[in-house]
Amino acid sequence: MSLLRAEHLHQTFGDKVLFNDISFVIENKERIGLIGVNGTGKSSLLKIIANIDTAERGKLYHSNQLHIEYLPQAPELQEDLSVLEQIYYGDSTIMKAMRHYESALQELEQNSEDTKAQEKLIAAQQQMDENQAWEANTTAKQVLMRLGISDFTKKVKELSGGQKKRIAIAKALIQPADILIMDEPTNHLDNESIEWLESYLASYRGSLILVTHDRYFLNRVTNRIYELDQGNLYVYDGNYELFLEKKAEREALEEQDEVKRQNILRTELAWLKRGPKARGTKQKARVDRVENLKNQKGPTQKQEVDFAIGSTRLGKKVIEAVEISKSFGGQPLFTSFDYLVTPGERLGIVGANGSGKTTLLNIFAGKTEPDQGYVETGSTVRIGYYSQENENLDENKRVIEYIREVAEVVQTIEGKEITAEQMLERFLFPRPLQWNYIYRLSGGERRRLYLLSVLMEEPNVLFLDEPTNDLDTQTLSVLENYLDQFPGVVVTVSHDRYFLDRVVDSLLVFKDGTGIERYQGNYSQFMEDQKGNAPAERTTVQQENHSPEAPTSSPPRKKLSYKEKQEWEGMEEKIDELEKEKEQVQTEIEKAGSDFEKAQEWMNKQKEIEEELEHAMERWTELSLLMEEINEQTQHH
């Protein structure tokens with residue numbers, strides 16, 4: 001049975017039609033990805049499905065018992081509630097039971113001798129039993145832990161913006177729902193959290209509708225794609241990869257149909273111009289046919305969105321950071337860090353939220369001073385900086401006025417001139433939209449406009465701070481194609497795995513309090529090496545020597561030392577023991593059930609074992625390579 005049916009929905013924004021007479025059905029267990037260029041009405045459609053807004057025309061049909069949970073792009077939380085109170089916010093019986101239980105537990109912890117508090121806890125435990133809420137209670141806390149939230153008593157108002165988003169995600173995930181709607185859930189999440197969310201949603205019991213710019217996430221989570229395009233809704237079975245194939249087929253068929261329509265129209269017009277002497281009724285019918293053919297709308301001609309603006313010449317010296325250090329709140333982000341940015345470099349900066357990625361980018365750009373050390377910038381360097389905020393975006397200006405202030409005309413790499421109007425068209429702003437005031441644009445459209453303004457400054461060094469947040473997949477493809485042809489340097493902070501794979505060929509990886517590592521390769525290659533424990537592919541930049549002199553080579557090893565030999569002989573047995581111990585701990589976590597404190601102890605133990613196992617595997621690999629090297633040397637001699 002269908003969960004929800006939408007018929008003939010129509011919605012506008014000002015004089016713009018967002019969607020016109022669209023209909024669809026949401027079935028049980030569907031995983032729907034909603035895509036479209038920013039400003040086409042994706043968020044508006046989500047709000048209508050969630051019953052937050054009402055369509056101007058059309059209707060939704062569903063049972064009265066249908067429960068929909070909605071996660072907006074910018075969640076609004078109750079600032080005075082604690083983390084757990086916010087998580088268990090809701091009217092369902094399970095949520096109420098968990099609220100009462102946590103309240104009673106906290107009350108008893110404050111006064112363990114209070115008889116009334118003990119009775120209250122017993123009653124709350126019975127209520128948890130009756131509503132079978134123990135599993136949900138454990139799940140809620142595990143979800144929070146996996147999203148990096150460990151202090152459950154903290155007030156929401158004390159949390160950072162990123163932590164609040166994680167709280168909102170956790171709340172949406174644990175609420176009993178038939179349909180879960182998520183608008184850009186991956187924004188402000190690090191890659192580890194995104195991968196965990198992917199795996200969690202794979203076993204989600206209800207249906208799912210999401211808007212996201214993360215194409216790997218979209219590809220791995222969805223089994224159906226809804227595309228909003230020019231007011232129409234197109235439905236495709238399959239994930240994002242299949243959607244791209246089927247959309248190309250659809251557009252090819254539309255173009256063929258348009259060619260046929262134009263051929264018929266030319267034939268009919270030629271007939272009318274000859275003025276044949278025919279019966280009046282036949283001639284009128286043919287005239288009507290010509291009018292109908294004229295009035296039919298063919299497929300919208302796609303603008304050529306691939307472009308390559310020229311950039312000013314870049315010399316040999318770009319940017320060099322020498323012995324730079326920076327702390328925040330008394331905690332060092334990085335110390336004595338050296339790095340040389342070279343011409344043509346494509347560098348990605350990755351790491352956990354709050355680790356210092358944007359700070360490093362700002363120091364490279366000269367926006368922030370290091371605590372120690374210095375940065376030298378080449379005389380020919382012209383930086384274009386795309387920040388997380390829409391800098392200098394005057395909402396009272398028209399779109400075309402804002403872009404003309406940056407540049408009236410730009411030159412392509414081939415030396416051709418392109419006007420501001422043409423550039424806006426190529427960047428998905430048609431002529432009528434160019435005369436809109438900026439305050440009338442959607443959030444995503446503003447980000448696209450700001451991005452275009454940065455590119456039109458014709459920089460030769462591009463700094464991009466989280467460029468994929470709030471941009472649609474089509475705009476990201478435009479940006480990626482532009483960067484393919486860009487002759488300058490690109491340095492980007494990003495958590496978007498697809499974008500990193502497409503754009504960069506080396507990484508700076510912020511490690512947990514242990515410095516910054518350099519990796520040669522894209523993000524997927526880095527993650528594969530991390531899983532395969534291949535430390536030989538990585539070098540630590542903290543100790544990297546940028547001098548042109550070749551490092552002195554150490555003399556060849558003839559054999560393992562006695563200590564290394566003993567270590568090698570016991571290493572495989574040690575790894576086996578650790579893997580068995582890890583399995584036992586996993587069993588204990590499952591046994592702990594509703595006893596969260598015990599579960600937490602075992603989870604901490606599991607983390608310790610995993611770290612020890614990773615270290616053992618790295619050491620085993622190191623000794624294995626050394627053994628092979630010694631054997632090769634022995635054979636050659």
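Predicted model: local features only at pLDDT ≥ 70, side-chain atom pairs only at ≥ 80, totals over all residues.
Visitor: Which side chain does K317 meet in a salt bridge?

Guide: A salt bridge is counted when a side-chain nitrogen of Lys or Arg lies within 4 Å of a carboxyl oxygen of Asp or Glu. In this structure the partner of K317 is E376, at 3.3 Å from N to O. K317 sits in the loop between α10 (280–295) and β10 (319–328), while E376 belongs to strand β13 (residues 372–377), so the pair ties together parts that are 59 residues apart in sequence. E376 also counts as partly exposed, at 34% relative accessibility.

Visitor: How many salt bridges does the structure hold?

Guide: There are 24 of them. One of these joins the side chains of D214 and R497, at 3.4 Å from N to O. D214 lies in the loop between β7 (207–211) and α8 (215–221), and R497 lies in helix α17 (residues 497–503), so this bridge ties together parts that are 283 residues apart in sequence. In another, the side chains of D237 and R224 meet at 2.6 Å, N to O; D237 is in strand β9 (residues 232–237) and R224 in strand β8 (residues 224–229), 13 residues apart.

Visitor: Are D214 and R497 buried or exposed?

Guide: Both D214 and R497 are buried. For contrast, look at D237, which counts as partly exposed at 45% relative accessibility.

Visitor: Which residues touch the most other members of the largest nonpolar core?

Guide: In soluble globular proteins, nonpolar side chains tend to be buried together. A nonpolar core is a set of buried Ala, Val, Leu, Ile, Met, Phe, Trp, Tyr and Cys residues joined through side-chain atoms within 4.5 Å. The largest one here has 52 residues, and I87, L144, L173, M182 and L201 touch the most other members. Helix α6 (residues 161–174) gives the most to this core, with seven residues. A second, separate core of 45 residues includes V350, I438, L452 and V509.

Visitor: What does L144 touch?

Guide: Contact means heavy atoms within 4.5 Å. Setting aside residues up to four places away in sequence, L144 touches V83, L84, I87, I149, F152, I167 and A170.

Visitor: How many of the residues of α6 are buried?

Guide: Ten of the 14 residues of α6 are buried, so this helix is largely enclosed by the rest of the structure. Among these buried residues are K165, R166, I167, A170 and L173, and what covers the buried residues includes α2 (83–87), α3 (93–110) and β6 (179–183).

Visitor: Where is I26 found, and what does I26 touch?

Guide: I26 is found in strand β2 (residues 16–26), and I26 is buried, with a relative accessible area of 0%. Not counting residues up to four places away in sequence, I26 touches residues including S2, L4, I49, I179 and Y226. A pair of positions can also be compared by C-alpha atoms: I26 and L208 are 182 residues apart in sequence and 9.3 Å apart in space, C-alpha to C-alpha.

Visitor: Where does S82 lie, and is S82 buried or exposed?

Guide: S82 is found in the loop between β5 and α2, and S82 is buried, with a relative accessible area of 11%. Leaving aside neighbours within four places in sequence, S82 is in contact with F152, T153, K154, K155 and V156.

Conventions
Residues numbered from 1 in each chain as written. Heavy atoms only, no water. Buried < 20%, exposed > 50% of the residue type's maximum accessible area, 1.4 Å probe, protein only. Helix = DSSP H or I, 4+ residues; strand = E, 2+ residues; numbered from the N terminus.
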